[in-house]
Amino acid sequence: MTAYLDHAATTPLRPEAFEAMVPYLTERFGNPSGVHAVAREAKRAVEEARDVVAECLGCEPNEVVFTGSGTESDNLAVLGRSGVAVCSAVEHHAVLDAVARGGGRVVAVDGSGTVDLDALDAALDGDVGVVSVMLANNEVGTIQPLEAVVDLVRRQAPAAAVHTDAVQAFPWVDVESLARGADLVSVSAHKFGGPKGVGALVVRTELRPLLVGGGQERELRSGTHNVAGIVGMAAAMQATVASREETVRRVGALRDRLADGLLAAVPGAVETGDRAGKIAGNCHVRFPGIESEALLVLLDDAGVCASAGSACASGALDPSHVLVAMGVPRDEALASVRLSLGWTTTDEDVDIALKTVPDAVSRLRTS
Amino acid sequence: MRVLVAMSGGVDSSVAAALLVEEGHDVVGATMKLWGGASDTGCCSVSDVEDARRVAQQLDIRHHVFNFGDDFTRHVVGPYAAAWSEGRTPNPCIECNRHVKFDRFLRRAAQLGFDAVATGHHARVTAERDGRHALRRGVDRAKDQSYVLAMLTQRELAKVRFPVGEMTKPDVRAKAEALGLRTAAKPDSQDVCFITSDGGREAFLGERIALRPGRVVDGSTGAEVGRVDAVQLVTIGQRRGLGGGAAGRRYATAVDVAGGVVTVGPEHDLLTDEVRLSDQTWADAPLASGTEVVAQVSAHGKGASAIYQGDGIIRFVDRQRKVAPGQTVALYDGDRVVGSGIAR
């Protein structure tokens, strides 16, 4: 009996996506960059997918660049702009490390993980080329005030582009309207029921490519298209948008039951971040006195899949930079767990977690 | 039995895990991430973790990675720098065993419900009378690692297994090859895991303590015969880097860090009757004064016959070279470790 509660890491492939992909994994194997009939068939699939993605993201088809991942989209958005890069302290490493590479500026967040607009203001000047603030955070789910960020940047650094990493946000919020003012928007297929190995970047500004060669995606992203992946991503996007409202309602209720249940059952448990200001699938809790590493092993033993912190390259847990940026003390940051729900989560998953997590915490506290 | 095997990514721990699986135990592997800084190889680099993980996959056992970097910094790296700054010669691998591998790791294993832990060390634990345990040398004397395990007491020995201690190193490699383990031909890690061959100890310590130059003085005449760049880095018994060329072999016989003076003299000046120990541990009962022991003062050194005097004093039967303060002395009765201490 397993409960998969790590949807923020990845999600199961939606049946619509799978069905859409099969032909492009089998008989329709063409390379869209070719000239003949086989190539044209693949090209058509990519362009139809592009139309769908554009509609779901509220942009023009020629503003959609297909990439290999959310990380690649983030890297392209930041490294593809000249000038100084600025980002919030809770960005994914795909943004943070790209910003650091060019010697950029990192802006503090408050205790709920929301970007400090005054601090952001202070970091803006005529040298800034890109400002990156994620639409929703992957660790604790906080939704950022992107509209306010866009306003601020237009006033204080008009030459700068605004990038938002919408990778975690897409399943849960209307990215089309919330990210309307942004110049660059990243998404990643496997976070919303699409396949791994494909993402997209909305590009409404000047950008230099990372990958050069064949000149695909209007020179912005060379490399043979992952046709099946792109087709799968489009199908998953469409299915996600169509059911998003209902999913947010249903899963939000499951998440509330889970979070409230844990807070009630585990003495001293603390919820991270403000429930009202986070995406519907995120449940992040701290259990002072235990270690996340040990907790995750016990949960895994019991069939509950969850995560914590950021797994470094070796797979060991480092304390989450997001929690640290929010002012959570280091030992508490190392005593936390992220349970992230998704479109396939059921009441049974929540029941299993509510039974397993308190037991595991109690076991660790008394050992 | 549920066993947690510490897998470094090397061939010894790989085979240790394999042997336990063959014996039918419920085995899980774990790699400790201890050092995040520059490292040549062997222990804890990402590729070593990958090797361990791959071996675990091949053995069809689960594998975890534990971040004990804080403990490692606090109990191993910090004291290492502090010891050198005071002119002592620490053995960080021993402190890692004492505080991390056979303390923190043991506690984590207990928390997770394991009955025992195992490592790839070349040593043996045997069951003795009355439920006691003995730590003994590994059968491959050239690879015996009982010296770095000499601090273990009954509390740890009851919970530890060393599966490859009954094998020679060539047999271990042969076993790994026979099993098709990825690490069969991987070279053994040498040296301290957090010191790179690039800069060595000097570069590492230079970043952490203020290395000061010193004078080299002849022990008998008092004349200054040379200089050293870093007096803290000179070890008793050292010959190199002290300004050679004088008649006869010249060894560091004393190091005065505060005064900035290294005293040198012939080998004869290094010889001593005894070594005094602090931080003593006993594998079982403390030794009575007057007990005969064999004292080993380095990882692969030959032991020297001695009599335990009590109060941490070891009197050698034949004069031995002085043991540098900070070095571990392991005490044996035959092939059995009876205790350990750190030279003052």
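Mentor: Buried means under 20% relative accessible area, exposed means over 50%, and partly exposed lies in between (1.4 Å probe, protein chains only). By that scale B:Lys186 and B:Asp51 are both buried. Their side chains meet in a salt bridge, 2.8 Å being the N to O distance of another pair below and 2.7 Å that of this one. A salt bridge here is a side-chain nitrogen of Lys or Arg within 4 Å of a carboxyl oxygen of Asp or Glu. The two residues are 135 apart in chain B, with B:Lys186 in the loop between α6 (169-178) and α7 (200-206) and B:Asp51 in helix α2 (residues 46-59); helices (H or I, at least four residues) and strands (E, at least two) are DSSP runs, numbered from the N terminus.

The model is predicted: local features need pLDDT of at least 70, side-chain atom pairs count only at pLDDT 80 or more, and totals for chains, interfaces and linings use all residues. Residues are numbered from 1 along each chain as its sequence is written, chains are lettered from A and ligands numbered from 1 in the order in which they are written, and side-chain values use heavy atoms, with hydrogens and water left out.

The other pair is B:Asp335 with B:Arg124, a salt bridge at 2.8 Å, N to O. B:Asp335 sits in the loop between β16 (328-333) and β17 (336-343) of chain B and B:Arg124 in strand β5 (residues 123-127) of chain B, so the bridge ties together parts 211 residues apart in sequence. B:Asp335 is partly exposed at 27% relative accessible area, while B:Arg124 is buried at 15%. A further salt bridge joins B:Glu224 and B:Arg227 at 3.7 Å, N to O, and B:Glu224 is partly exposed at 41%. Over all chains, the search finds 54 salt bridges.

Across the interface of chain A and chain B there are 6 salt bridges. One of them pairs B:Arg108 with A:Glu293 at 2.8 Å, N to O. On the side of chain A that touches chain B, the elements giving two or more residues are α9 (292-301), β13 (317-318) and α12 (347-366). The largest share, 6 residues, comes from α9(A). Salt bridges with shared partners also join A:Glu291, A:Glu293, B:Asp71, B:Arg74, B:Arg104 and B:Arg108 into one network.

In total, 18 residues of chain A are in contact (heavy atoms within 4.5 Å) with 17 residues of chain B.
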